[in-house]
Amino acid sequence: MLFGGDYNPEQWPEGVWAADIELMRRANVNLVTVGVFAWSRMQPAPDEFDFDWLDRVLTLLGAAGIGVCLATPTASPPPWFTRAHPDAMPVTREGVRLTHGSRDTYCVNAPAYRTASVRIASELAARYAGHGAVRLWHVHNEYGTACYCDHCAAEFRNWLAARYGDVETLNDAWSADFWSQRYRCWPEVLPPRATQYLANPAHELDYRRFVSDAMLRHYLDQRAVLRRAGPAPVTTNFVLGGWVPVDHARWAREVDVVAIDDYPSSVADHLAERAFAADRARGWALAAGHPDGRWLLMEHAPGAVRDRSGVVRPLPAGGARDAALTYLDRGALGVLYFQWRASRGGAEQWHPAIVPHEGDRTPVFDEISVLGAEVARRVPATVSARIALIHDEQSMWAWQSPHLPTREIDYEAMVRRWHGTLAAGGAMVDVVPVTAPLRRYDLVAAPALYLMPAAAHTALREYVSGGGTLVLTFACGLVDDCSRATPGALDDLIGARVLRHVPLLPGETEALAGVDAVGRRWLDHLEPAGATVLLRTADGRPAVTEHHFGAGVVRYAATDLDERRFTRMLFER
Ligand code: GLA
């Protein structure tokens with residue numbers, strides 16, 4: 001069981017290191033992530049490397065029996081690099097080229113950045129692949145910077161050419177005859193930069209997929225170097241959030257262990273948020289074939305939560321333990337924190353740490369070190385869930401488009417709400433991408449799965465035909481993977497025709513017959529064709545239907561229900 005966190009000794013005078021190691025032993029720390037943002041220390045000038053300090057850190061850690069998750073520092077190129085290669089700095093949608101001063105300021109498609117990244121990774125691999133303390137490679141940090149520069153434009157065209165073959169097929173995929181967007185040749189195609197009014201949703205979606213693949217190539221370039229050098233497993237830490245242009249289900253196949261960072265945004269609901277994050281990580285791991293869906297919590301804040309109000313609030317006593325157990329019970333191979341010792345200065349100097357500025361005689365150090373002893377005694381949990389909740393990043397991205405018929409559907413919030421309902425009472429729920437193997441589940445729920453590629457249609461039909469219970473809602477399967485409308489695509493499965501979609505106004509409700517409850521946000525007008533109506537609106541329209549399909553059953557909610565009240569009707573077989 002792994003226990004520890006990010007350790008940034010370069011931020012402190014060397015005299016502090018021995019004390020750090022001593023405290024780590026007291027806290028039962030057995031893995032620390034080193035080097036994440038240390039590029040300017042490792043390579044102080046273009047042709048100068050300095051690893052002596054890192055040698056000394058690794059020697060100290062190794063002698064104390066503490067393993068190292070060694071990072072490649074490519075998330076933060078040094079100032080000399082920026083100065084020499086301004087074209088490797090990212091350009092925003094609006095055409096603003098960003099500059100040095102924070103972190104994550106790079107363009108993964110810039111040749112100079114790609115070369116420099118592989119070079120520093122190769123230096124690290126050559127020096128440390130055989131080092132006894134190195135247990136895991138941590139490539140980069142939280143991939144997520146999207147860029148819209150000319151390097152990206154050129155690579156985007158290559159990516160599109162590989163996906164669609166020719167411009168005619170692209171025009172068809174992007175419905176390019178709308179608003180005169182028909183392309184004559186590849187050079188006319190650009191990244192979706194700032195434009196006058198609504199952008200083409202298919203263009204936007206493909207750009208996000210492209211950014212994900214471009215970052216994946218940057219990761220794979222480094223992975224190749226690290227794998228060639230030695231046997232230590234390689235991963236990168238996934239950052240969660242609607243803004244992240246990473247297709248995690250795809251990436252999960254390329255990491256030796258799925259690793260996530262988790263920073264809940266609500267002091268009141270942090271455990272529910274953590275459970276959802278853990279179940280997602282396990283879902284990606286399962287879908288990618290990692291044994292038992294095991295995964296690693298690479299970062300979380302020790303004993304505190306930054307609330308969405310912006311307040312960094314210490315959790316009450318026991319809060320850090322509750323957090324850790326939430327992850328460990330859901331299959332985590334260990335719990336790691338950001339960070340070990342609080343930064344003296346810099347942009348994250350007020351971030352919680354295991355050793356805060358006030359030192360080790362503090363509640364947080366006490367709680368984390370007691371927890372370390374407890375974690376050391378545990379073995380990784382094996383989770384076997386009977387329920388799957390589909391959370392699909394492509395649908396999540398598609399729901400973010402401003403062209404939709406309503407802004408009232410918050411896909412992420414809806415799936416989280418369903419997760420809370422399905423997991424109530426302690427049931428384990430795998431939160432999976434739609435590409436996951438589904439046969440093992442008794443129940444699969446897929447709320448608001450707006451975007452459904454042909455493979456998703458096939459997978460859901462196979463699951464139900466084989467005897468599964470599937471719960472769908474309004475706004476499922478409205479478009480294909482090119483954001484083209486697919487009317488009636490689910491009619492055979494739900495046993496009803498959707499005659500029209502009626503998004504409801506903010507605050508508007510739809511009364512339901514015979515129950516003291518209402519529908520919200522959306523109402524499909526359904527004409528049953530084989531399905532039985534389980535619940536109607538007050539004026540007689542079907543609100544929940546049930547359809548036998550093959551050996552299984554499909555329930556369909558035509559409106560947004562308080563699913564906790566309707567659990568039996570929706571989820572029980
Ligand atoms: C992320 C990063 C860390 C740090 C923390 C702060 O997860 O990977 O470097 O910035 O957030 O919460």
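Student: What does Arg 282 touch, leaving out residues up to four places away in sequence?

Tutor: Arg 282 touches Gly 293, Trp 295, Arg 330, Val 383, Val 429 and Asp 430, where contact means heavy atoms within 4.5 Å. Please keep in mind that this is a predicted model, in which local features need pLDDT of at least 70 and side-chain atom pairs count only at pLDDT 80 or more, whereas totals for chains, interfaces and linings use all residues. Residues are numbered from 1 along each chain as its sequence is written, and side-chain values use heavy atoms, with hydrogens and water left out.

Student: Which helix holds Arg 282, and is Arg 282 buried or exposed?

Tutor: Arg 282 is in helix α10, residues 270-287; helices (H or I, at least four residues) and strands (E, at least two) are DSSP runs numbered from the N terminus. Its relative accessibility is 1%, so Arg 282 counts as buried, a term for under 20% relative accessible area, with exposed being over 50% and partly exposed in between (1.4 Å probe, protein chains only).

Student: Which side chain makes a polar contact with the side chain of Arg 282?

Tutor: That is the side chain of Asp 430, at 2.8 Å. A polar contact is a pair of N or O atoms within 3.5 Å, where within protein one must be able to donate a hydrogen and the other to accept it, and residues adjacent in sequence count only if both atoms are side-chain atoms.

Student: And what about strand β13, which residues are on each side?

Tutor: Strand β13 (residues 429-432) is covered on both faces, with Val 429 and Val 431 on one side, Asp 430 and Val 432 on the other, and all of these buried. Strand β12 (residues 387-390) pairs with β13 in the parallel sense over four bridges, and Ile 390 has Val 432 as its bridge partner in β13. Two strands are taken to pair if DSSP finds at least two bridges between them.

Student: What's the strand order of the seven-strand open sheet?

Tutor: The order is β13-β12-β14-β15-β21-β20-β19, with mixed pairing. Since β13 and β19 stand at the edges with a single partner strand each, one side of each is left without a neighbour in the sheet. The twist averages 20 degrees from one strand to the next; axes here are lines fitted to C-alpha atoms, for helices over the stretch in contact, and angles run from 0 to 180 degrees between N-to-C directions.

Student: Which strands does helix α14 lie across?

Tutor: Helix α14 (residues 411-423) lies across β12, β13, β14 and β15, and runs at about 170 degrees to β12. Helix α15 (residues 454-465) lies across β12, β14, β15, β20 and β21 (552-557), at about 140 degrees to β15.

Student: What happens at the β19 and β20 end?

Tutor: Strands β19 (residues 532-536) and β20 (residues 542-549) run antiparallel and are joined by four bridges, with Arg 536 opposite Pro 542 of β20. Their hairpin has five residues between the strands, and Gly 540 in that hairpin takes a positive phi near 95 degrees.

Student: Switching topic: which residues other than glycine have a positive phi?

Tutor: Among them are His 140, with a phi of about 60 degrees, and Trp 179, with phi near 55 degrees. His 140 lies in the loop between β4 and α6 and counts as buried because its relative accessibility is 0%. Trp 179 lies in the loop between α7 (167-173) and α8, and at 46% relative accessibility Trp 179 counts as partly exposed.

Student: How do α6 and α8 pack?

Tutor: Helix α6 (residues 150-164) packs against helix α8 (residues 201-229) at an angle of about 105 degrees, with the axes 10 Å apart. That makes α6 roughly perpendicular to α8, since angles of 65 to 115 degrees count as roughly perpendicular, under 35 as roughly parallel, over 145 as roughly antiparallel and the rest as oblique. The contact includes Trp 159 and Arg 163 of α6 together with Tyr 207 and Phe 210 of α8.

Student: Last one: how many residues of α11 are buried?

Tutor: Eight of the 10 residues of helix α11 (residues 319-328) are buried, so α11 is largely enclosed by the rest of the structure. The cover over these buried residues includes α10, β8 (295-299), β11 and α12.
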